[in-house]
Amino acid sequence: MPKDLNDLRRERRAAAERMQERADALAALEGAETPDADAIAAAETAFAEAQTGFERLNAQVGRAEATEAARAA
């Protein structure tokens, strides 16, 4: 069963928050006095995964919104 548009929007918002958390963690690691290359690489991977999750949900929301608009027309 397809997810409700409001559920998708909530999931997208949560994914955006995860992205922000990962970006903040990455920035902190990059700004360290003695940067840890391995930790930075892991943080970059975590951010990329969060970004992919957000993009997937954003596309789902877009499709659901387009479908809703078409049905309303």
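Student: Where does Ala32 lie?

Tutor: Helices are DSSP runs of H or I with at least four residues, strands are runs of E with at least two, and both are numbered from the N terminus; Ala32 lies in the loop between H1 and H2. This is a predicted model, in which local features need pLDDT of at least 70 and side-chain atom pairs count only at pLDDT 80 or more, while totals for chains, interfaces and linings use all residues. Residues are numbered from 1 along each chain as its sequence is written, and side-chain values use heavy atoms, with hydrogens and water left out.

Student: Which residues make up the largest nonpolar core?

Tutor: In soluble globular proteins, nonpolar side chains tend to be buried together. A nonpolar core is a set of buried Ala, Val, Leu, Ile, Met, Phe, Trp, Tyr and Cys residues joined through side-chain atoms within 4.5 Å. Here the largest one has 5 residues, namely Leu5, Leu8, Ala15, Leu57 and Val61. Helix H1 (5–30) and helix H2 (37–72) each give two or more residues to this core, and H1 gives the most, with 3.

Student: What is Val61 in contact with, leaving aside its neighbours within four places in sequence?

Tutor: Contact means heavy atoms within 4.5 Å, and with those neighbours set aside Val61 is in contact with Leu5, Leu8, Arg9 and Arg12.

Methods. Buried < 20%, exposed > 50% of the residue type's maximum accessible area, 1.4 Å probe, protein only.
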